[in-house]
Every structure is written in structure tokens, then in C-alpha cells.
Amino acid sequence: MSVRTGNFRGMVKSVILVFTVLGVLWMPVAGTGQRGGADDAARVLAGTIDIHVHSDPDNVPRSLDGIEAATLARSKGMRGIVLKNHYDPTAGLAFLARKEAPGLDIFGGVDLNLTMGGMNAAAVEHMTQVAGGWGRVVWMSTFDAENQVRYSKEKRPFVSVARNGELLPETKAVISVIVKHGLVLATGHVSAEEGLMLLREARRQGAQHMVVTHAMNAPILMDVAQMQEAAKQGAFLEFTGGSLATGDAAARMDRFADAIRKVGPQFCILSSDLGQKANALPPDGFAAFILAMRARGFTEQELNQMSKQNPARLLGLP
């Protein structure tokens, strides 16, 4: 165990002890004017799976490393997490984290940005051969996606998945490897239209595990009709809580709640997309997000479906 990991665990235990003594954990629930108690936070997190956790090692500051993220999630009673990195594979990190957090389902993946060679079927095939076999998710390029680069008005190389309205052969080859190994296809930061193209092709090839990466967030910006079409193709729609301390958080939660009702909770997954240095730790932010959705009228059954059952199905867990 590293000194850093040991110190972090000690800090976590101290924080939990303080909150236990005080008997309350302040949990911001955007736009409700309420606080969630420690019992509420613990209850909503128990058995959940967060499919979108960022951690060190990374090229930007993170609030905790992958092993710390795993041990913290386990201490909160969660069932599992997916460790995501935009530029480096995380299957090996998931292998190591499982040693430090036994009993927690921890998965990694590969994000097909330029560092991975773009739409590179060999990179996906290699991930499946990493010890443990815990590489489970393939993101179809995020920050280097053509759609992201154009949306950001940058002039730099990018990764394309399609041209002239047709998926590229290398994109179809990546999908073929995903299907062959029963992996999860996550659409990344491609456009809404490209995302639907990916889902149709993946379904044609027989994919069983698909998710639209934070469908309503920029630069994807799927509308409700597009999300409903994605659901018809057999994909889940991911809604990420992110930081609830921002000025637009309440309005964002309202938009999410409205879209989830129109698409149907049975097709939706809640996740945190946390791990950034200045934001809440992933489990705490995830709990706040779930509580925010509860404050907007979703039942316990619906919340469990979106934070426990649907993520498990996506990852091929019983």
C-alpha cells in the first residue's frame, strides 16, 4: 500500500467518523433547498454502479487515483465503478484496483482518441487480453472526436467515425471487435447523428451492450426524439450529474428529469462523471445526483433501475 493511499484511507475514515458523530451529512440537492442526511446518502449509494469515474494517473489534475476511487466506493457500499481516462486504457488500473477493493466490481476501458490511434480495432483487441479481462467499455473517441473538435472551433487533428453519411470501414472493424468480445459500445463525443449511425451498425452486427455517452451534454446534444430512437436501437442513455455546485445545476437537473420521463427510466443510466480536482468526490456527487432526481419525483424503484439494474445490464453483470 502506498503512503498516499494509506493517508487517503485514514482521511476517509476520519471524515466518516466526524459525520457519524454529527449525525448529518450535508448533501446539496440542486434547486430543492433541501439537505440529504447521511442515512439518505448511504441508502441511495448502496448497491449502485457508477459507469463514469475519472481518476489519476491522468494528464489533468484529479481528486483521487483509481485505487482510492475504488476503496472509497467500496466504503460507501457501492457495487461497482468504471474507471475512465480519455487518453490511456484503464483495464490494467481496474486489475490493480480490484486487489485493493475486493468485492467491488471495477472495470476499465479504452477511449479511441488519437493516443490510441483513433478508430483502432487492434487497440480494442489488445485491451481484451490485459490480465484480469476487466477492460469492458469502448468509448468511440471523446476529446479528439471530429464533432468535439469542430464544436470547440479548434484547428487540430481529429478522429472521424464517418464520412459523407457512412461509417468508415475502420469504425465498423472496431464495432466488430466490440461485438466479438461482448464489450460495451459507448458513443463518446460524436454527434447525435453519428451516434445513431453507430448504434444501428452495432445492432446490425449483434451488439448487446450499448450506451449513449452523456446524451444531452455538449457536444452531443441529443434531443428527445433522438434519444428515443437510440433506445429503440437497444442503447441506454447516460445522464451524468457532474457538479451540482454550478449556477445552472438546478435547470440542468430539471432538463434531465423531463427527458428521462419522456425516454423512460428503463432506458436510462445515471452516473457521476466526477473525479475532477475541484468537484465533489465521485460517490458523494453521485449520491447528490440521485437525491436530486428523487427530489424531482422519481420513485425508489426508478432510481434503482437507473443507478443499479441498468448499469449492471450494460456491463453484463447478473
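**Helix α10 and its surroundings**

Modeller: The buried residues of α10 pack against α9 (224-232), β9 (236-240), β10 (268-271), α11 and α12 (300-314). Please keep in mind that this is a predicted model.

Colleague: Which residues of α10 are buried?

Modeller: In α10 the buried residues are Ala 249, Arg 252, Met 253, Phe 256, Ala 257, Ala 259, Ile 260 and Val 263.

Colleague: What span does α10 reach from its first C-alpha to its last?

Modeller: Helix α10 covers residues 249-263, which is 15 residues, and it reaches 21 Å from first to last C-alpha. That is close to the 21 Å expected at 1.5 Å a residue.

Colleague: And what follows α10?

Modeller: Gly 264 follows α10, and its phi is positive, near 110°.

Colleague: Let us step back to the whole chain. How many helices and strands has it?

Modeller: The chain has 12 helices and 10 strands. Of its 318 residues, 55% count as buried. The accessible surface comes to about 13,400 Å², and 54% of that belongs to carbon and sulfur atoms.

Colleague: Of the contacts between residues at least 6 apart in sequence, what share joins residues at least 24 apart?

Modeller: The share is 74%.

Colleague: Which residues touch the most other members of the largest nonpolar core?

Modeller: That core has 77 residues, and those touching the most other members are Ile 81, Val 138, Met 140, Leu 237, Phe 239, Leu 270 and Met 293. Helix α11 (residues 282-295) gives the most to this core, with eight residues. There is also a second, separate core of 15 residues, which includes Ile 49, Val 82, Ala 186 and Ile 269.

Colleague: What does Ile 81 touch, setting aside residues up to four places away in sequence?

Modeller: Ile 81 touches Ile 49, Asp 50, Val 53, Ala 69, Ala 70, Ala 73, Leu 104, Asp 105, Ile 106 and Phe 107.

Colleague: Asp 105 is on that list. Which residue forms a salt bridge with Asp 105?

Modeller: The partner of Asp 105 is Arg 79, with the closest N and O atoms 3.5 Å apart. Asp 105 lies in strand β3 (residues 105-111) and Arg 79 in the loop between α3 and β2 (80-84), so the pair ties together parts that are 26 residues apart in sequence.

Colleague: Is Asp 105 buried or exposed?

Modeller: Asp 105 counts as buried because its relative accessibility is 19%, and the cut-off for buried is under 20%. Arg 79 is partly exposed, with a relative accessible area of 26%.

Colleague: How many salt bridges are found in the whole structure?

Modeller: The search finds 13 salt bridges. One of these salt bridges joins Asp 40 and Arg 43, whose closest N and O atoms are 2.7 Å apart. Both residues lie in helix α2 (residues 38-45), three residues apart, about one turn of the helix. Asp 40 is buried, with a relative accessible area of 17%.

Colleague: Which residues are linked with Asp 40 in a network of salt bridges?

Modeller: Asp 40 is linked with Arg 43 and Arg 294 in such a network.

Colleague: Where do Arg 204 and Glu 201 sit?

Modeller: Arg 204 and Glu 201 are in helix α8 (residues 192-205), three residues apart, and so are separated by about one helical turn. Their side chains meet in a salt bridge at 2.7 Å, N to O. Arg 204 counts as exposed at 61% relative accessibility, whereas Glu 201 counts as buried at 9%.

Colleague: Turning to the loops, where is Asp 144?

Modeller: Asp 144 lies in the loop between β4 (135-139) and α6 (146-151). Asp 144 is buried, with a relative accessible area of 5%, and its side chain reaches the backbone nitrogen of Leu 114 at 2.9 Å. Beyond its neighbours within four places in sequence, its contacts include Tyr 87, Asn 113, Arg 156 and Phe 158.

Colleague: And what does the side chain of Ser 55 reach?

Modeller: The side chain of Ser 55 reaches the backbone nitrogen of Gly 66 at 3.4 Å. Ser 55 is placed in the loop between β1 (49-54) and α3 (66-75) and is buried, with a relative accessible area of 2%. Apart from neighbours within four places in sequence, Ser 55 is in contact with residues including Arg 62, Asp 65, Lys 84 and Leu 93.

How values were computed. Residues numbered from 1 in each chain as written. Predicted model: local features only at pLDDT ≥ 70, side-chain atom pairs only at ≥ 80, totals over all residues. Heavy atoms only, no water. Helix = DSSP H or I, 4+ residues; strand = E, 2+ residues; numbered from the N terminus. Buried < 20%, exposed > 50% of the residue type's maximum accessible area, 1.4 Å probe, protein only. Polar contact = N/O pair within 3.5 Å; in protein donor to acceptor, adjacent residues only side chain to side chain. Contact = heavy atoms within 4.5 Å. Core = buried A, V, L, I, M, F, W, Y, C linked by side-chain atoms within 4.5 Å. Areas by Shrake-Rupley, 256 points an atom, 1.4 Å probe, with all protein chains shown as cover. Salt bridge = Lys/Arg side-chain N within 4 Å of Asp/Glu carboxyl O. Expected span 1.5 Å × (residues − 1).
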